[in-house]
Every structure is written in C-alpha cells, then in structure tokens.
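Open the model in your viewer and keep the selection tool at hand.

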Amino acid sequence: MGDVSDDPRRRVPRTDAVLADARLGPALATLGRARVKEVVVAAQDRARAGEIAPEAVADEVVATLPLTSATLRPILNATGVLLHTNIGRAPLSSAARDALDLAAGTTDVELDLATGGRGRRGAGALGALAAAVPDAGGVHVANNGAAALILAATALASGREIVIARGEMVEIGDGFRLPDLLESTGARLREVGTTNRVHRADYADAVGPDTGMILKVHPSNFVVTGFTSSVPVADLVGLGVPVVSDIGSGLLAPHPLLPAEPDATSELRAGADLVTASGDKLLGGPQAGLLFGDADLVHRLRRHPLARALRVDKLTLAALEATLRGPLPPVRAMLEADVEDLRARAVVLAGKVGGIAVDCAAQVGGGGAPGVELASAGVALPVEAAEALRTGTDPVLARVEQGRCVVDLRSVPPEADARLADAIALALVRAPG
Ligand SMILES: *Cc1c(COP(=O)(O)O)cnc(C)c1O
C-alpha cells in the first residue's frame with residue numbers, strides 16, 4: 001500500500017479556501033458566487049487530473065475568470081459591410097447607449113409623473129418617430145421588421161388574401177422566407193406577375209372581395225436586372241384595399257447616396273396606407289419594427305391582441321428615441337464618410353502596422369441598398385491575417401478578397417483606429433504571412 005498522503009490530489013485546496021482568496025473579491029461582486037465557484041471547480045478538476053499543480057489552483061482561477069457575466073465578445077467590424085446581421089447589425093450611438101443605461105433601471109416608461117396615473121407606453125420614442133415622419137398619421141413600434149409585418153398581415157388579412165408580386169417574395173436570411181411568415185398569420189398569398197415583371201393590371205385583376213391588403217416588399221438583399229418591371233405604390237392606391245409597403249431598411253426620408261432605396265416619407269406621400277421597416281438597419285438604431293401610416297389603421301394594429309405579444313421592451317424604446325433625437329448614428333456616419341478621410345486613415349494605419357493602403361469597395365449589407373458599392377479604403381494584409389484577426393483577444397472581422405486580407409475602414413468608427421492597430425499588430429505576430 002502506498003502512502004496516500006503523497007497523492008498530490010490530497011493537496012488540492014478546498015473550494016471555500018480558494019473562494020476566500022482576496023484576489024477573487026471583485027469577481028465575486030461582478031460575476032456572482034455561483035459563477036466564480038464553477039471556475040474554482042474547473043481548476044480543482046485540472047489539478048486532480050495532474051494538469052496543474054495543486055498549489056496553482058488559486059492562480060489558475062484568477063487567470064481564467066471571465067471579465068463579465070455575458071459571454072458576448074465585442075468585435076471590430078472591418079468587413080466593409082456596414083450592416084452585418086451576424087455581428088448585430090447597426091452599432092448604437094453613444095446617445096443610445098446612454099439611454100440604455102438609464103432605461104435599465106426603473107423609469108416613467110408607462111407612467112405619467114404629473115398625475116401618477118398610467119401614461120402612454122414609450123410616449124417619448126413614439127413622439128420622436130412621429131416627429132421624424134410628419135407624413136405619418138400614426139406610428140407604432142414592434143419587436144422587429146418581421147413582427148411589424150406579421151401584425152399588419154394578421155390585423156388586415158388573416159383568413160383573407162394578400163396580393164403580392166411574385167418577384168417580391170423574398171427570403172430575408174437564415175432560411176426565413178417572407179411568404180412563410182405571411183402565411184403563418186392565416187392569410188393566403190395571391191401571387192401576381194412573374195419573377196421579373198408585374199404590372200398594375202395584374203394587381204387590379206387579383207384584387208377582389210377577399211383581398212385584405214396589397215403588400216409591396218422591397219427586395220433589400222438582391223437586385224434583378226434586365227427585362228424587369230415593378231409597380232410603385234402610387235400606382236396601387238385606388239384599388240380599394242389598403243396598400244402596405246415593407247421598405248426594410250428604415251430610411252425615414254430619401255438619402256442622396258442611396259437614390260434607389262425606398263423611404264417611409266416617400267412611400268406615405270405616394271399613398272401607402274402603412275409602411276413597415278426595421279430599426280437596426282439604415283436608421284442605425286436598436287432591433288425594432290417600425291410602423292407608419294394612416295391614424296385609424298395604426299390604432300387598429302396597436303389595439304390588436306397580437307400587438308401585446310410583439311411589444312418592445314423599455315430598452316428598445318429608450319435606444320430608439322435616443323437614436324432619433326440624438327446625433328448621427330454610427331451607421332449613417334459610416335455611410336456618409338468622405339473616402340478621402342478613409343484613405344488618410346488607411347495610410348496612417350499602414351504606417352503603423354505594415355501592409356499596403358488600398359482603395360476598396362464597401363457595401364451597406366443585407367439590410368439595404370443591394371448592389372450599391374461605396375468607395376472605401378483600407379489596409380491589405382497577408383491572407384493569413386484574417387483568421388488571426390478573428391481569433392485574437394480583441395477580435396476583428398476583416399474581408400478576404402483576391403488572395404489577401406483587407407481591413408476596410410468604412411465600417412470601423414474612427415475612434416477605434418488605435419484599437420484596430422493594436423489588434424492587427426498582434427495578429428501579424430501570430431500570422432506573419
Ligand atoms: C430586413 C427585412 C425584413 C425583416 O426585418 P427584421 O427587422 O430583420 O425582422 C423584412 N422585410 C424586408 C424588406 C427587409 O429588408
């Protein structure tokens with residue numbers, strides 16, 4: 001029989017002893033005891049497995065403690081795709097971030113402080129939306145663009161028909177198809193036209209007593225070119241049924257750099273009864289579904305039972321209002337940045353980290369303006385840098401094109417340039433190319 005006291009496993013410190021280590025004090029406060037305990041148990045397991053010395057357990061815990069309770073990692077977007085669904089679409093403005101912090105506590109989100117009675121939920125955000133789109137008789141906010149569409153389709157066309165052009169039956173990403181979404185409300189789709197062409201007469205022929213609404217959908221993530229025709233909203237009013245326009249991107253007014261992108265104001269002026277859009281695309285705000293339109297129609301949607309299930313939380317309302325009332329949100333600043341400024345930043349960055357300052361082309365992304373190329377600039381690095389950047393301690397998502405890794409500066413806020421340079425320098429050490 002061996003001497004059990006020699007077994008290093010007997011020297012693994014007890015959980016309570018490790019938790020009493022003064023260095024864990026701050027983590028106990030920020031992460032909570034249960035989370036810290038998990039890390040301690042993992043370190044004890046490693047010691048029992050002989051992977052670390054029993055005396056090193058506390059050091060191992062200190063070294064492996066997560067910094068925050070959430071597992072989300074911040075990412076620098078150097079893809080040149082301004083709106084990237086996989087990394088959370090629009091980054092919020094500092095005004096919106098401040099509003100989130102404030103709204104996280106208890107606020108007058110649904111209380112009238114003067115009377116002490118219930119107030120209109122999200123009155124501030126709704127007021128900001130109404131002010132931003134004066135042509136809208138009513139405004140409402142739902143969880144996202146899809147929710148706004150579901151609400152409209154349910155309230156106007158459940159058990160009835162939605163007339164929609166075949167070329168506007170789009171897939172919005174990750175396998176989600178608009179037609180399936182619409183049919184899930186109990187509405188039936190009445191497709192008109194062909195993939196590439198549809199005329200006013202096609203709509204007029206299809207509209208009948210069973211029609212709940214006509215739906216126009218902006219093909220926001222692809223372009224059809226060649227022998228094509230679609231029917232603008234202005235030509236669909238007067239057919240006797242509500243016209244709903246899903247513009248997708250959330251532009252509230254025309255944007256000079258994106259002349260082909262529909263906007264809420266123009267669609268309402270053209271006669272749309274209802275316009276739906278996303279909050280986290282070109283508007284540059286939080287995930288939300290925006291509804292603008294005829295006052296009675298919007299009131300009907302707002303009072304529909306489904307509206308309660310699609311209701312946005314206080315954080316969304318706060319961030320949305322601050323986006324609308326505050327300074328230009330990052331997405332808009334990125335869109336409107338002067339390419340000469342991007343070139344100057346690229347030269348400075350290349351001077352710091354190596355690589356070559358290059359011209360390149362950025363894009364708005366799946367959230368809008370398909371096919372539009374935005375003149376941009378960045379730094380070209382060896383192709384191996386892309387993976388090293390992505391897997392670094394401060395992850396950067398870059399673009400791989402023509403056998404090289406391009407760090408596109410149009411999607412990087414200028415104040416992040418120093419951070420980007422540090423991340424590139426570290427990545428080039430790991431993958432010198
Ligand atoms: C993005 C988009 C949607 C879906 O909006 P979400 O906010 O992602 O739910 C619907 N329709 C169009 C045209 C879109 O571009």
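Start with the ligand and the shell of residues around it. By class, this shell has 3 nonpolar, 6 polar and 3 charged residues. Keep in mind that the model is predicted.

To display the shell, select R89, N144, G145, A146, I172, V217, H218, S220, D246, G248, S278 and K281, the residues around the ligand.

Now show side chains and look at three of these residues in turn.

- Select R89: a polar atom of its side chain lies 2.9 Å from an oxygen atom of the ligand.
- Select D246: here a polar side-chain atom lies 2.5 Å from a nitrogen atom of the ligand.
- Select S278: an N or O atom in its side chain is 2.7 Å from an oxygen atom of the ligand.

How much of the ligand's accessible area does the protein cover? On its own the ligand has 380 Å² of accessible area, and the protein covers 93% of it.

Next, colour α7 (145-157) and β9 (243-248), the elements that give two or more residues to the shell around the ligand.

Stay with β9 and select strand β8 (residues 211-217) as well. The two strands run parallel and are joined by 4 bridges.

Now move to another sheet. Here 5 strands form an open sheet in the order β2-β12-β13-β16-β15, again with mixed pairing. Its edge strands are β2 (81-83) and β15 (399-401), each of which pairs on one side only. Neighbouring strands of this sheet are turned by 45 degrees against each other on average, direction ignored.

Zoom in on β15 and strand β16 (residues 404-408). They run antiparallel, and 3 bridges join them. Select R399 and look across to V406 in β16, which stands opposite.

For the last stop, select helix α15 (residues 339-353). Helix α15 packs on the sheet and touches β12 (356-365) and β13 (374-382); its direction makes about 10 degrees with that of β13.

Terms used
Residues are numbered from 1 along each chain as its sequence is written. This is a predicted model: local features need pLDDT of at least 70, side-chain atom pairs count only at pLDDT 80 or more; totals for chains, interfaces and linings use all residues. Side-chain values use heavy atoms; hydrogens and water are left out. A residue is near a molecule or strand if one of its heavy atoms lies within 4 Å of it. A polar contact is a pair of N or O atoms within 3.5 Å; within protein, one must be able to donate a hydrogen and the other to accept it, and residues adjacent in sequence count only if both atoms are side-chain atoms. Accessible areas come from the Shrake-Rupley method with a 1.4 Å probe; for residues, only the protein chains shown count as cover. Ala, Val, Leu, Ile, Met, Phe, Trp, Tyr, Cys and Pro count as nonpolar, Asp, Glu, Lys and Arg as charged, and the others, Gly among them, as polar. Two strands pair if DSSP finds at least two bridges between them. Axes are lines fitted to C-alpha atoms, for helices over the stretch in contact, and angles run from 0 to 180 degrees between N-to-C directions. Contact means heavy atoms within 4.5 Å.
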